Amino acid sequence: MASDSNPFNARSSFSTSQGEMGFYDLAALSRQGIGHVDRLPYSLRVILEAMLRNVDGFIVTADDVTGLANWSAKKPEISEIPFMPGRVVLQDFTGVPAVVDLAAMRSAMVRLGGDPAMVNPQVRCDLVIDHSVQVDDFGAATSLTINAEKEFERNQERYEFLKWGQSAFDNFSVVPPATGIVHQVNLEYLADGVLKQTDEVTGQTICYPDSLVGTDSHTTMINGLGVVGWGVGGIEAEAVMLGQPIYMLTPEVIGFRLTGALPEGATATDLVLTVTQMLREKGVVGKFVEFFGAGIASMSVPDRATIANMAPEYGATMGFFPIDERTLEYMRLTARDEATIELVEKYCKANMLFWTPDASEPEFTDVLELDMGTVQPSLAGPKRPQDRILLKDMKSKWQADLKDVFGKSAPDSASVTRAGETFDLTDGDVTIAAITSCTNTSNPDVMIAAGLVAKRASELGLRAKPWVKTSLAPGSKVVTEYFDKADLTKFLEAVGFYTVGYGCTTCIGNSGPLPDEIVAGINEGDLVATSVLSGNRNFEGRISPHIKANYLASPPLVVAYALAGTVNIDLATEPLGKSSDGKDVYLKDIWPSHDEVSKVRANAIGPDQFRKEYGEVYTGNPTWNAVPVSGGANYNWSDESTYIQEPPFFIDMTEELPGAHAIKGARVLCSLGDSVTTDHISPAGAIAQDGPAGKFLIEKGVPVSMFNSFGSRRGNDRVMTRGTFANIRIRNLIAPGTEGGWTTDFTDGQVKSVYEASLNYKKAGIPLVVIGGVDYGMGSSRDWAAKGSNLLGVKAVIAKSFERIHRSNLVFMGVLPLEFKSGEDREALGLDGTETFDIDLPSSITPGMDVDVVAKHENGTETKFTTVCRIDTPVEVDYYCNGGILHTVLRRMLNDCKQGAGV
């Protein structure tokens, strides 16, 4: 870093065993009578420090710093904040397209006459390959090996591309497959707590808080370690990689006071499902949530991380816990070196960032409170993580949902024979039971509890029902280490839970195929099959195309439901099975106490396990080491590749700014209801062979067995565009009576796939719009939900409201987000989707301005209404007028090249 103007004279230093360290002292503002830093929430102090350190009068001004230092808790001033995160974390589903875009920008720079080496990550970027493993095989000791072999077989080309990226770009590293889930690897290994950089002028080492953005919404898990970070779209992350700040509106900060302790029978998963429900009811979209109170003083970092991980589910930007003694304890447990731990402690204490139980409470916009002693065992479902169900109410709620949600007056069943055993498969039967997801696999207490439930069940002669696809996907190899040391692995396997891989599996949709006999039974009886998983997402169509009801639960409850085989049971009062001697076995008979779990944890987990598993993290996988590296600074694109293609975003790009223009004669591509998620919009999960993407791959000679998933093919726009708006559960109101990626093509009046219709509109030169309801784009930060919309020809989305990440991603891809005025929507305005739309967007845009729209009906009448332009900041105006954020960055780099060359 280069020295800045330091207008607040905030440069200071502190002593460590490594020598004198420099830092930017927040107290310098207080000494000058600026603001009230000591009353700011800790999360805002981290943002303020980044602004103070990066003042340059251009990206960050002195007024920016003064404004945040004077943050008004009860009524924050709505102003634009530039935030420069310290690093970027990527997973491979979103990381591959990010690297593809960087490679495409280098190709574009060559075409435009600039220096391709300018396109290079400017901050530290870590990519963890964790989303590519699928549960193809399960229930056997060989499952891990078989799934790993299939992973490399399917993804060889992607892995070669990532190895090229690692060699071609600076500040870019790749954590190989079979290491663990990105968020758990980040928590256990990548995060330093405090970052360091050398001042290019003085040579002094400058310390500053670890902070990041990640290309996965559950990046927030790192908030449990006291690190500010959240998920962004891949496009936004790419901009940060290229040295651009994150621009955001000054957030409200909701304080969440935790008191008491969890009662017997309740787990951290039950706590987070309770917190998620409370915060969703409160409404915290776009806000920070910061946890405080006596309850966090003894709360472990894994428990904190479980809560922080679910921030996207309760809608917040972050769920933050400040750094304290528990943080330092966890860093020692996970084998961080003492010099790093000393630096974190001394720096945070020197700069008002270290929390202690006697510290004064910060001022918050609002405060919620929960006595953890009131938390009860829970699940959430069947479609949303905020829909909590008490375990004792699960049976009655299922029976009501079978009728009210799934339209069945009575359960149906079908006879199934599998592996020589015949049984009846019934509505409500659990066909997937998965211990999966970063939310819970990072938490030793709930994982050990699952192992102890399995141990007691096995000793009593119980095992998973034959129709249940069981899987155990540890978030890192450390989990296997402590399972083995505690002698729990053999019991998990005995009841059916064999390790299937180290990565993000069922929760992301990589559950793999159900057995053919089970699928046939589901289809024959038109059954509402269920899944129970220790994940954070249970949206429609996400877990498996054959499962309609999905429930989130703690790992020990996942084991219990696998043993019971159905959700149509009251586990509080009914037996989940019979022992080998014919006696009823109840959940209470196999459930461990907190003390039992604590004793196992104390004896089974230590720093040596983390030191061993992360000691050779980059070189310890021989299969990865054998992946060849080829190519130079510029990637050699291949037309034959079905994984990696140069995207068309920059192909026809010019130096001139395209600007903003009115949209005339637009047709509706999709008219959608409330709570449409990015899972509905973006291609995700399995690729159907009879869909546009499947047909394309077949034409390219790819056998169905090698289709892989949409997530693994995010580096190929030809596949991804064909899968946009193609989720099997999406319902397009202009294609009534259909479910899936169908629309009415108004060029010929025929119902066809969304992709096929888009081709006709493109040929006719007709722009497209999408009509949405409340919370349009909720869910994961899927960049292809915006990229695919752009490539289909969508110029604008008009919705009642937008989820934070997807709205910004639309702007970053040059798609205009418009919001209906309060009290107006599709129904109130009488819009049925057959209209032609004129959007009167002026060439000079201002954030939040009114934009007039005229909808021309088929009978010749017109409906005129006014929308709110959800381009929220002046910087976003710049992005939109450039055609997108990457176009903006590329033009700036090109300009710098030519200025440097004297052109």
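Analyst: The second largest cavity holds about 120 Å³ of space. On a 1 Å grid over the protein atoms alone, a cavity is a set of points where a 1.4 Å probe fits but cannot get out, whereas a pocket is an open set with protein on both sides within 12 Å along at least five of seven lines; lining residues have an atom within 4 Å of a point. Grid points are joined across faces, edges and corners, and a volume is the space filled by probe spheres set on the points. By this rule there are 8 cavities of 30 Å³ or more.

The model is predicted: local features need pLDDT of at least 70 and side-chain atom pairs count only at pLDDT 80 or more, while totals for chains, interfaces and linings use all residues. Residues are numbered from 1 along each chain as its sequence is written, and side-chain values use heavy atoms, with hydrogens and water left out.

The lining of the second largest cavity consists of 16 residues, and those nearest its centre are Pro312, Ala316, Glu803, Arg804 and Ile805. Two or more lining residues come from each of strand S10 (228–231), helix H10 (311–314) and helix H29 (804–812). Here helices (H or I, at least four residues) and strands (E, at least two) are DSSP runs, numbered from the N terminus. By class, the lining of this cavity has 6 nonpolar, 7 polar and 3 charged residues. Ala, Val, Leu, Ile, Met, Phe, Trp, Tyr, Cys and Pro count as nonpolar, Asp, Glu, Lys and Arg as charged, and the others, Gly among them, as polar.

The second largest pocket holds about 1100 Å³ of space. Its lining has 41 residues, with Asn54, Met84, Gln122, Val123 and Gly243 nearest the centre. Strand S7 (194–198), helix H12 (338–350) and helix H32 (885–900) each give at least two residues to this lining. The lining of the pocket divides into 21 nonpolar, 10 polar and 10 charged residues.

Met109 belongs to helix H4 (residues 92–111). Its relative accessible area is 0%, so Met109 is buried (buried means under 20% relative accessible area, exposed over 50%, partly exposed in between, with a 1.4 Å probe and protein chains only). Not counting residues up to four places away in sequence, Met109 touches several residues, including Pro116, Val119, Leu890 and Leu894; contact means heavy atoms within 4.5 Å. Met109 and Leu894 lie 785 residues apart along the chain, yet their C-alpha atoms are separated by 7.0 Å.
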